[in-house]
Amino acid sequence: MNNGCNIWSKINQLHLVLSATLFLVLCLCFGGKELTASAAPLSEIERRGYVNIAVKDNLRPLGFRDSKGNLQGLEIDLAQRLGSDLLGKIDAVKLQPVANSDRLSVVLENKVDLTIARVTATESRSRIVSFSVPYYFDGAAIVTKNTAINQLKDLEKRKIAVLNNSSTIDYVKYFIPKAELIGVNSYIQGREQIESNSADAFAADTSVLSGWVQEDSQYRLLPTKLSAEPLSVVTPKGLQYDELRRKVNEAIARYTVTGWLKERIQYWGLS
């Protein structure tokens, strides 16, 4: 059993390194090419005195509103820290909540300068926008309320809800081949499957499921992630945005080295 855990640990670490390397290469390869993008260069942002950043306001613990309506979360902390460091003063950020479908378009349409809204860096997306180095590795995980389920092997021959057409399906089939999968169309339906005891667990993105655990102590995340996917800041393409992209990447690298990002990730209950 220990050998299996060690092998998985090594595979997971290799996956993280390769993912980070891949998207660093993508940033370098695509970052200088002129494609459609319309956000402000850093010099204009400095003259303006603030940076516009698109965020989520309904996705605990990345970006959500507290009981007083204030924006909170890991990505909110990152957005505010970036704004402060880019312009050298506090309160230098205007946060604009966006729907998932608008996370890239708001950068392309000159409505914001950056997007920090749980955007996974992918090759197809990199054709129209650029991505920073990752600030967090999300990925598929499994949540359950069943106290008899504590590790992946406990789910053999049990029912697991998964989002239809999601990449998570392949991961679950690989790690738990004997499980019975139940397709759902949304996170709400996934939760309903567990609440009605129609499913023993739900497999989906760690960042979203962490919010469930924080809101309801009956839910637990199993300790093993099934995949690792880099979340990155969306930045515009074009030579005129080189300085902005460089400053953003330097800042995230600095937050990583100093441990600030790790501390914030742990603070918000993310692994």
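This is a predicted model: local features need pLDDT of at least 70, side-chain atom pairs count only at pLDDT 80 or more; totals for chains, interfaces and linings use all residues.
Residues are numbered from 1 along each chain as its sequence is written, and side-chain values use heavy atoms, with hydrogens and water left out.

## Overall composition

The secondary structure of the chain comes to nine helices and 15 strands, where helices (H or I, at least four residues) and strands (E, at least two) are DSSP runs numbered from the N terminus. Of the 271 residues in the chain, 49% are buried; here buried means under 20% relative accessible area, exposed means over 50%, and partly exposed lies in between, with a 1.4 Å probe and protein chains only. Among the contacts in the chain with a separation of 6 or more, 72% are between residues 24 or more positions apart, a contact being heavy atoms within 4.5 Å.

## The five-stranded sheet

An open sheet of five strands has the order β11-β10-β12-β9-β13, and its pairing is mixed; two strands count as paired if DSSP finds at least two bridges between them. The edge strands are β11 (180-184) and β13, each of which pairs on one side only. Strand β10 (residues 159-163) and β11 pair in the parallel sense over five bridges, and within this pairing the bridge partner of A161 in β11 is I182. Helix α5 (residues 168-175) packs on the sheet, where it touches β9, β10, β11 and β12, and its direction makes about 155° with that of β10. Helix α6 also packs on the sheet, touching β9, β10, β11 and β12, and its direction makes about 160° with that of β12. For these angles, axes are lines fitted to C-alpha atoms, for helices over the stretch in contact, and the angles run from 0 to 180 degrees between N-to-C directions.

Strand β9 is mostly covered, since five of its five residues are buried. In a regular strand the side chains alternate between the two faces of the sheet. In β9 both faces are covered, with A140, I142 and T144 buried on one side and A141 and V143 buried on the other. The pairings of this strand with its two neighbours are set out below.

| Strands | Sense | Bridges | A partner pair |
|---|---|---|---|
| β9 and β12 | antiparallel | five | I142 and A203 |
| β9 and β13 | antiparallel | two | V143 and L221 |

## Helix α7 and the cores

Seven of the 10 residues of helix α7 (residues 206-215) are buried, so this helix is largely enclosed by the rest of the structure. The buried residues are T206, S207, V208, L209, S210, G211 and W212, and they pack against β2, β8 (136-138), β9 (140-144), α6 (187-195), β12 (201-205) and β13 (220-221).

The largest nonpolar core has 49 residues, and those with the most contacts inside it are I53, L78, L82, I116, Y135, F202 and V233. Such a core is a set of buried Ala, Val, Leu, Ile, Met, Phe, Trp, Tyr and Cys residues joined through side-chain atoms within 4.5 Å. Helix α3 (residues 74-87) gives the most to this core, with seven residues. Not counting residues up to four places away in sequence, L82 touches I116, V233, V248, A251 and Y255. A second, separate core of 15 residues includes I149, L155, I160 and A203.

Another open sheet, of three strands, has the order β2-β3-β4 with antiparallel pairing, and its edge strands are β2 (58-59) and β4 (71-72). Two bridges join strand β3 (residues 63-65) to β4, and the bridge partner of F64 in β4 is Q72.

Rings of Phe, Tyr and Trp (its six-membered ring) pair if their centres lie within 6.5 Å, and planes under 30 degrees apart count as stacked, over 60 as edge-to-face and the rest as tilted. By this rule the count comes to seven aromatic pairs. The rings of F64 and W268 have their centres 5.8 Å apart and their planes at 85°, so this pair is edge-to-face. The pair links distant parts of the chain, as F64 lies in strand β3 and W268 in the segment after α9 (260-267), 204 residues apart, and both F64 and W268 are buried. The rings of Y174 and F175 are also edge-to-face, because their centres are 5.0 Å apart and their planes are at 90°. Y174 is exposed, with a relative accessible area of 64%, whereas F175, at 26% relative accessibility, counts as partly exposed.
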